[in-house]
Every structure is written in C-alpha cells, then in structure tokens.
Amino acid sequence: MRVLGIETSCDETAASVVEDGQRLLSNVVASSMDLHVQYGGVVPEIAARSHIESINPVIEQALAEAECSWDDIDAIAVTYGAGLGGSLLIGVLAARTLAITKQKPLYACNHVVGHVFANFLTSAKDSPALADYNFPAQPPAFPMLAIIVSGGHSQLALFRDYFDYSLLGQTQDDAIGEAFDKVAKILGLPYPGGPSVGKKAIDGDPLKYVLPKAKLDGKYDFSFSGLKTAVLRLAQAEIGEDYTFPSTKLAERLSEAQKADIAASFQRIAVETIVDKAVLACEEFQPKSVVIAGGVAASPELRRQLTDRLPLPIEFPDLKVCTDNGAMIATLGCYQAMLGQPAADPYSLEIQPNLSM
Ligand code: KG4
Ligand code: ZN
C-alpha cells in the first residue's frame with residue numbers, strides 16, 4: 001500500500017509517499033518561512049499564495065523521488081484541519097482534484113493525529129534525499145502515550161490502538177510552541193521561537209531564574225500564558241523598569257548574557273511542565289511506549305528531560321518528520337486505508353480549520 005500525503009496547514013507545502021505505514025519513499029517540504037520572518041509570525045495570505053505556487057511542483061517531486069508513477073499510488077491523504085483556512089484549502093482542493101482525475105481513494109487527515117503517526121515510520125528507501133534520516137528501531141507499542149507539542153497544540157493523549165485514543169489533558173491557553181515564539185519576541189530572537197530560544201539557551205544558566213509552573217484543576221492540563229507573562233515581568237525587572245515598559249523595547253536593553261539566562265530558565269520550566277505530566281501519566285496508565293509529536297518535539301531540551309525522567313526508554317522521530325511534513329500525513333493515510341477507516345468524498349470534502357482531536 002503506497003499513499004501520497006499532502007500537507008498545507010500552515011507555512012509548509014509538503015508531499016510525501018509512504019509505503020505500508022512504515023517506509024518512507026520521499027519527503028518534500030517547501031517552506032515559505034523566509035517570507036514570514038520579517039513579520040515575526042506566519043502571515044496567512046502570504047502562506048496561501050506560496051502554497052498555490054508550490055503545490056504542483058512539490059507533489060511532482062514527491063512522486064519522482066519515490067520513483068512512483070500514479071499507477072503505483074493506492075490512495076491520497078490530505079490534511080483537512082486544523083490549520084489556517086486559506087492554506088488548508090489549497091492542499092484539500094489539490095488532493096480532491098487528483099483523487100477525482102487519477103481515480104484514487106481520498107483520506108481526510110487530522111494534522112495533530114498525523115504528527116503522532118510520524119512515529120510509526122521505521123525505515124526509508126535507499127536514496128540520497130533520505131540518506132541522513134534516523135528512525136526508531138521498532139514502531140511504538142500500544143498502549144502508547146503521545147506527548148503532542150506544537151505551535152498550536154499541547155496535549156497528552158493515550159492511544160490504546162491506532163484509532164482508539166483519548167485525550168488526557170491539554171493546554172488551557174497558549175500552546176508550548178506559542179510560548180517559545182512569544183518569549184523569542186521579548187528577547188528579540190528570530191521567529192520561529194523554538195529553535196532560536198533553544199540556541200540562545202545553550203549559553204545561559206537554566207537555574208538562574210525561578211519561573212512559575214501553573215497549577216491547574218485538570219491533572220493532565222497545561223497552561224503557558226502565566227509563564228510567558230512571568231518572562232515579560234522578569235525582563236522588565238532585569239533592566240530596572242516596571243510593568244508599563246513596552247515589551248518591544250526590552251531586547252535592545254537586555255545584555256546577551258541576560259537573554260541567554262532568561263531563555264535557558266524559561267526553556268527549562270516550559271519543558272518541565274510537559275515532562276512532569278508525562279511522568280505522572282506513565283505512572284497512572286503504564287503505557288508500553290511514549291512518543292513525542294509536533295514541532296516542539298525537535299527540542300533537544302525536551303528530548304534530554306524525557307530521556308532522564310521517563311520510567312521507560314523512549315525513541316525519537318527524526319527532526320525532519322517532527323515539524324510539519326507530508327510524511328506524517330501519508331503515514332496516517334496508510335493506516336486509515338489499511339485499517340478500513342472510511343474514505344472521504346472527493347466531491348465534497350471540506351476543510352475544518354478548528355478541527356480537534
Ligand atoms: O508542528 P509545527 O511545525 O506547526 C504546528 O502545527 O503548529 O510546530 C511549530 C512550533 C513553533 O512554535 C516552533 O517554535 C516550534 O514548533 N519548534 C521548536 C523547535 N522547532 C520548531 N520548538 C522547540 N525546539 C525546536 N527545535
Ligand atoms: Zn504541525
């Protein structure tokens with residue numbers, strides 16, 4: 001079973017071919033991030049316009065690198081939510097058109113569930129484009145605890161089987177990736193904030209500042225907006241100003257050493273907030289595996305804390321399948337097809353920008 005996966009929920013136009021839900025044949029990603037950096041965040045109109053320009057070449061390249069013709073493709077999978085409306089629309093319309101003209105079944109994929117399924121990839125075709133991918137030795141076993149950490153989501157989910165899962169908890173306000181992005185802005189570091197805060201934190205002392213961890217009623221719920229405000233107040237206090245001092249002017253007054261210490265202290269606490277709950281969930285639900293999913297899964301600090309603190313060994317997906325990509329959608333589409341999940345109607349599939357798990 002070979003599935004072409006198409007992902008356009010945010011700023012990445014991505015397509016990939018995956019075989020049997022575990023072998024990567026190609027993974028092509030065209031990002032419009034360079035165009036958004038100057039605005040400090042993704043501009044939906046610019047993202048949608050870039051998808052229009054990139055979608056056909058990206059799909060063609062994904063097929064070419066997989067050495068597949070349309071005859072070799074058994075189904076098409078596409079992200080239909082959650083994401084930016086204009087962005088989702090381009091991928092879904094492309095997938096619907098191809099499903100109709102090439103007469104392939106179409107599978108509608110949830111972006112967040114797709115991130116989780118990237119963990120089922122265990123090998124890649126022998127090709128130069130995929131030569132430096134690292135994979136876990138085995139696919140994760142059920143029950144599986146999924147730690148979902150992206151720019152839009154922070155959730156813990158327990159998967160009893162591929163499509164039998166329940167949400168244990170989630171953020172009550174900002175997602176962890178969003179908190180990284182906002183702290184980056186305060187410190188004058190480039191967007192996206194996850195990698196830039198992570199890089200700055202290398203030179204900082206993670207124990208320099210004590211920042212708060214939110215206490216919530218839900219045992220597995222998170223909150224990051226208080227932490228973000230605490231970083232703002234800390235930065236203002238460090239330069240001797242009060243809460244009225246504008247956040248946009250802080251970066252020019254903070255020294256590089258102060259920025260590094262704030263980045264490191266924030267990163268430690270933000271990641272600890274997630275890892276504390278994951279450890280608690282391991283104790284209560286005794287999963288056979290733990291996986292991480294979403295853009296923040298690329299964080300070395302998250303990987304370090306999980307390796308140190310989880311009561312069971314954890315294997316990590318390759319960084320290239322953690323941030324948005326088509327492989328995760330092709331993988332999810334494979335399982336939807338292989339396990340008999342209903343296909344979508346290519347004449348009527350609609351986008352769902354606010355789709356939840
Ligand atoms: O999953 P993703 O690519 O897009 C969404 O579905 O949201 O996640 C994007 C988020 C951004 O907030 C970005 O700052 C964060 O993932 N991110 C990272 C790293 N790379 C991306 N966070 C921490 N460390 C990283 N290396
Ligand atoms: Zn994502």
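These are my notebook entries on what I looked up in the predicted model above.

**Ground rules**

I worked from a predicted model, in which local features need pLDDT of at least 70 and side-chain atom pairs count only at pLDDT 80 or more, while totals for chains, interfaces and linings use all residues. I number residues from 1 along each chain as its sequence is written, with chains lettered from A and ligands numbered from 1 in the order in which they are written, and side-chain values use heavy atoms, with hydrogens and water left out.

**Entry 1**

I took helices (H or I, at least four residues) and strands (E, at least two) as DSSP runs, numbered from the N terminus. Both histidines, His111 and His115, are buried, where buried means under 20% relative accessible area, exposed over 50% and partly exposed in between (1.4 Å probe, protein chains only).

**Entry 2: the domains**

I then turned to the domain assignment, which gives domain 1 (2-140 + 319-338) and domain 2 (144-309); such bounds come from an automatic or database domain assignment. The centres of domain 1 and domain 2, taken over C-alpha atoms, are 27 Å apart. I found 20 residues of domain 1 in contact with 21 residues of domain 2, contact meaning heavy atoms within 4.5 Å. About 1,800 Å² is buried between domain 1 and domain 2, and carbon and sulfur atoms give 78% of that area. Buried area is the accessible area (1.4 Å probe) that two parts lose on being put together, summed over both. Val112, Val116 and Cys322 supply 26% of the area that domain 1 buries against domain 2, more than any other three residues.

**Entry 3: the nonpolar cores**

Next I looked up the nonpolar cores, each a set of buried Ala, Val, Leu, Ile, Met, Phe, Trp, Tyr and Cys residues joined through side-chain atoms within 4.5 Å. The largest core has 54 residues, of which Ile147 and Phe266 touch the most other members. Among the elements that each supply at least two residues of this core are β7 (144-149), α5 (176-187), α6 (193-201) and α9 (256-285). Helix α9 gives the most to this core, with 13 residues. Leaving aside residues up to four places away in sequence, I find Phe266 touching Ala179, Phe180, Val183, Val197, Leu211, Leu227 and Val231. There is also a second, separate core of 33 residues, which includes Val112, Leu130, Val321 and Cys334.

**Entry 4: salt bridges**

I counted as a salt bridge a side-chain nitrogen of Lys or Arg within 4 Å of a carboxyl oxygen of Asp or Glu, and by this rule the count comes to 20 salt bridges. Across the interface of domain 1 and domain 2 the rule finds zero salt bridges.

Lys200 forms a salt bridge with Glu256, with the closest N and O atoms 2.5 Å apart. This pair links distant parts of the chain, as Lys200 is in helix α6 and Glu256 in helix α9, 56 residues apart. Lys200 is buried at a relative accessible area of 16%, whereas Glu256 is partly exposed at 48%. Lys200 is also one of the buried residues of α6, and those buried residues pack against α5 and α9.

Within helix α10 I noted Asp308 and Arg304, which lie four residues apart, about one turn of the helix, and whose side chains meet in a salt bridge (3.2 Å, N to O). Asp308 is exposed, with a relative accessible area of 56%, and Arg304 is partly exposed, with 42%. Salt bridges that share partners also join Lys213, Arg268, Glu272, Asp276 and Arg309 into one network.

**Entry 5: Ile100**

Last, I looked up Ile100, which lies in helix α3 (residues 85-101) and is partly exposed, with a relative accessible area of 31%. Ile100 and Asp345 are 245 residues apart in sequence, yet 9.5 Å apart in space, C-alpha to C-alpha. Not counting residues up to four places away in sequence, Ile100 touches Pro346 and Tyr347.
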